[in-house]
Amino acid sequence: MFDDRLRMTPGPTEVPESVRQAMGEPTPNPDLEPEFFEFYRGLTDKLERIYRAGDGTDGDRDVVVLGGEGILGLEAAVASLVGPGDRVLCLSNGIYGDGFTDFVENYGGEAVVSEVPWREPLDGNVVADVLDRRGEFDVATMVHCETPTGSLNDLEGILDVLRDHDVLSIVDAVSSLGGTPVPTGKIDVCLGASQKCLSAPPGLATCAVSDRAWKRMDAVDNPSLYADLGPWRTAADEEWFPYTHLSSNLYGLDAAVDLLLEEGLEDVFARHEAAARRCRERAAELGLEPYPTDEAACSPTVTALAVEGRATELQRAVLEEQDVLLATGLGELEDDILRVGHMGHNARVDRVDRAMDALEAVLS
Ligand SMILES: *Cc1c(COP(=O)(O)O)cnc(C)c1O
């Protein structure tokens, strides 16, 4: 129906043919066929390679895949690690960073927000200062790529400071995992989702979990049955899923992950960098600037352009006149930010060029 349309949004991303075909495979009974567990274990091993690509740290992580949209992973991480009265430091330079406070409060935790201006990246010195001045914390939450503002946070220093203070970390890497290296080895629960850089359809949340995180879960009384990571610790080995798994989605994700591994993750990451660079160059030629003030903080997976008050109108014109779908900002910045997603299968210079040609045509 919309076959010629180019969708350059920061998720869902274009789903390659082989992924769509894999989703059409016959449906097994995930609970009763041992081969399915073997398949699932193979998938989580492959995902672990993606989580650990370019991450120079040691140590294992258990990867689990939940049947639900990315938000389920965020909620499950908080529900599993945060109990009533626990103090949680929510680091924020954007909408998703702020959003963690809602989950924390829903599960009875005390959310303390440490915010920096949204055009700036998170800062390890600010975090160290907060930890010294504002008492003890059990858990900290943060976002690797703030998709709505196109900011990539450099988390390594922050994660080191947290570890020194014995604070567990939850990281939303939904829009960076598979597009750029994630420091998974320093993260206690690292969250991804199928529909962003992995280029599978929406429907699955991925979590890489540390031993420390599993141990803490034993001590937290999680009232949620669905948003609970605990049972997934042994699911693959004991061959018992907490609910019927989403087999078609898993088949699609497996095919998507195969494409990334066949290409080679270094090449995949370089492809994202090249697409992002081209996007910023083309934007500069049009007199448009990225929203983050520091180019080093611009995400390789999505470019947010500052377009004061014009985003909705530009997005509509590019769609109607050029059949290219871009995204606006979110929340208060809806009309001030125009976003070009170049993640997953869409992280290609020729696609960025097509999108920027479309924007150029509308602007002139
Ligand atoms: C896409 C995304 C999610 C998942 O939420 P949606 O409901 O798909 O928007 C979570 N975190 C980040 C940073 C995202 O970009």
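A: In this predicted model, 4 strands form an open sheet in the order S11-S12-S15-S14, with antiparallel pairing. Strands here are DSSP runs of E with at least two residues, helices are runs of H or I with at least four, and both are numbered from the N terminus; two strands pair if DSSP finds at least two bridges between them. Strand S11 (289-290) and strand S14 (327-328) stand at the edges with a single partner strand each, so one side of each has no neighbour in the sheet. S14 is joined by 2 bridges to strand S15 (residues 337-341), and the two run antiparallel. Threonine 328 stands opposite leucine 338 in S15.

Residues are numbered from 1 along each chain as its sequence is written, and side-chain values use heavy atoms, without hydrogens or water. Because the model is predicted, local features need pLDDT of at least 70 and side-chain atom pairs count only at pLDDT 80 or more, whereas totals for chains, interfaces and linings use all residues.

A cavity is a set of points, on a 1 Å grid over the protein atoms alone, where a 1.4 Å probe fits but cannot get out. There is 1 cavity of 30 Å³ or more. The largest cavity holds about 30 Å³ of space, a volume being the space filled by probe spheres set on the points, which are joined across faces, edges and corners. Its lining residues, those with an atom within 4 Å of a point, are Gly94, Ile95, Trp118, Pro148, Thr149, Leu330 and Leu333.

An oxygen atom of the ligand is 2.4 Å from a side-chain N or O atom of glutamate 69. For tyrosine 96 the corresponding distance is 2.7 Å, and for glutamine 195 it is 3.2 Å. Taken alone the ligand exposes 370 Å², and the protein buries 83% of that; these areas come from the Shrake-Rupley method with a 1.4 Å probe.

Two backbone features remain. Glycine 11 and proline 12 are joined by a cis peptide bond, with omega about -10 degrees; proline 12 lies in the loop between strand S1 (6-7) and helix H1 (17-23). Aspartate 166, although not a glycine, has a positive phi of about 60 degrees. Aspartate 166 is placed in the loop between helix H6 (156-164) and strand S8 (168-172).

Notes:
1 Å grid on protein atoms, 1.4 Å probe; cavity = no way out; pocket = protein on both sides within 12 Å on 5 of 7 lines; lining within 4 Å. Polar contact = N/O pair within 3.5 Å; in protein donor to acceptor, adjacent residues only side chain to side chain.
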